[in-house]
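Subject: Structure handover

Hello,

I am passing on the structure below, with notes on what was found in it. Please read the notes with the structure open.

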Amino acid sequence: MENFWEIFVNNPSFWLLSGFLMAALFFLMVGIRELKQHAYEGLLYLVLSLFFVVVHIFYLFNIPHDNLLSMVTNQISFWYWAFMIFAPVLIGLYILLGLFNFLVTNTKVGLLKIFFGLTLLCYLFMLGTNWPMDVKGILTFIWFFIWFEVELSTAP
């Protein structure tokens, strides 16, 4: 766990990768919501989402060589990416959108999102420290599909 904090959290490249992915997921969700309501602005949001995904992938494979994160990403697998980059982004989305819902729109929905974000955090980084990487990745994607369901079912 100590190496995770040294390599990832204290590294500006990690935050840049996370920001690109978080923006991509946010615009994907907004685009799907808008298209569900028959508003064609959703296509613009989907294009923005695609842009951020492409930038995320491009930067992931072109991190500067003097960066400590580049040593990790040279040998990255899909499950490792899902656990080390996608999971913190998903946890952040759950908690940030949950706090927004809790404070501004709907208290119950906000508490639900915060609960799911904190349970994923506990499962991956507290209870599941010895779990195999593919189990952590699969758990992350299960929580991703739950996020889609919660966001789409609570849309105004």
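The largest nonpolar core has 37 residues, and those that touch the most other members are Trp81, Phe86, Leu90, Phe144 and Trp147. Two or more residues of this core come from each of H2, H3, H5, helix H6 (107–127) and helix H7 (133–153). H5 gives the largest share, 13 residues. As background, nonpolar side chains in soluble globular proteins tend to be buried together. Please keep in mind that this is a predicted model.

Aromatic rings

The structure holds 22 aromatic pairs. One of them joins Trp81 and Phe86: the ring centres are 5.4 Å apart and the planes meet at 15°, so this pair counts as stacked. The cut-off behind that word is an angle under 30 degrees between the planes. Both Trp81 and Phe86 are buried.

Another pair, Trp147 with Phe148, is edge-to-face, with 5.5 Å from centre to centre and 75° between the planes. Trp147 counts as buried because its relative accessibility is 1%. Phe148 is also classed as buried, at 13% relative accessibility. Ring pairs join these residues into a cluster whose members are Phe78, Trp79, Trp81, Phe86, Phe141, Phe144, Phe145, Trp147 and Phe148.

A charged residue also sits by a ring: Lys136 lies over the face of Phe83, 4.4 Å from the ring centre.

Salt bridges

How many salt bridges does the structure hold? There are two. Glu151 takes part in one with Arg33, where the closest N and O atoms are 2.5 Å apart. This pair links distant parts of the chain, since Glu151 is in helix H7 and Arg33 is in helix H2, 118 residues apart. Glu151 has a relative accessibility of 3% and therefore counts as buried. Arg33, at 22%, counts as partly exposed.

Glu151 forms a salt bridge with Lys113 as well, and here the closest N and O atoms are 2.8 Å apart. Lys113 lies in helix H6 and Glu151 in helix H7, so the pair ties together parts that are 38 residues apart in sequence. Lys113 is buried, as is Glu151. In general, side chains of opposite charge can pair when their charged atoms come close.

Surface patch

On the surface there is a nonpolar patch made of Phe100, Phe102, Leu103, Val104 and Leu111, which together have about 520 Å² of accessible area. Helix H5 (residues 78–105) supplies the largest share of the patch, four residues. Phe100 is found in that helix, H5. Is Phe100 buried or partly exposed? Phe100 counts as partly exposed because its relative accessible area is 47%, and that class covers values between 20% and 50%.

A backbone detail

His38 has a phi near 60°, a positive value in a residue other than glycine. For context, most residues other than glycine have a negative phi. His38 is placed in the loop between helix H2 (12–36) and helix H3 (41–60). With 67% relative accessibility, His38 counts as exposed.

Regards

Definitions and conventions. Residues are numbered from 1 along each chain as its sequence is written. This is a predicted model: local features need pLDDT of at least 70, side-chain atom pairs count only at pLDDT 80 or more; totals for chains, interfaces and linings use all residues. Side-chain values use heavy atoms; hydrogens and water are left out. Patches are made of residues with over 30% relative accessible area and no salt bridge: like charges are joined within 9 Å, nonpolar side chains (Val, Leu, Ile, Met, Phe, Trp, Tyr) within 5 Å. Accessible areas come from the Shrake-Rupley method with a 1.4 Å probe; for residues, only the protein chains shown count as cover. A salt bridge is a side-chain nitrogen of Lys or Arg within 4 Å of a carboxyl oxygen of Asp or Glu. Buried means under 20% relative accessible area, exposed over 50%, partly exposed in between (1.4 Å probe, protein chains only). Rings of Phe, Tyr and Trp (its six-membered ring) pair if their centres lie within 6.5 Å; planes under 30 degrees apart count as stacked, over 60 as edge-to-face and the rest as tilted. A charge sits over a ring if NZ of Lys or CZ of Arg is within 6 Å of the ring centre and within 35 degrees of the ring normal. A nonpolar core is a set of buried Ala, Val, Leu, Ile, Met, Phe, Trp, Tyr and Cys residues joined through side-chain atoms within 4.5 Å.
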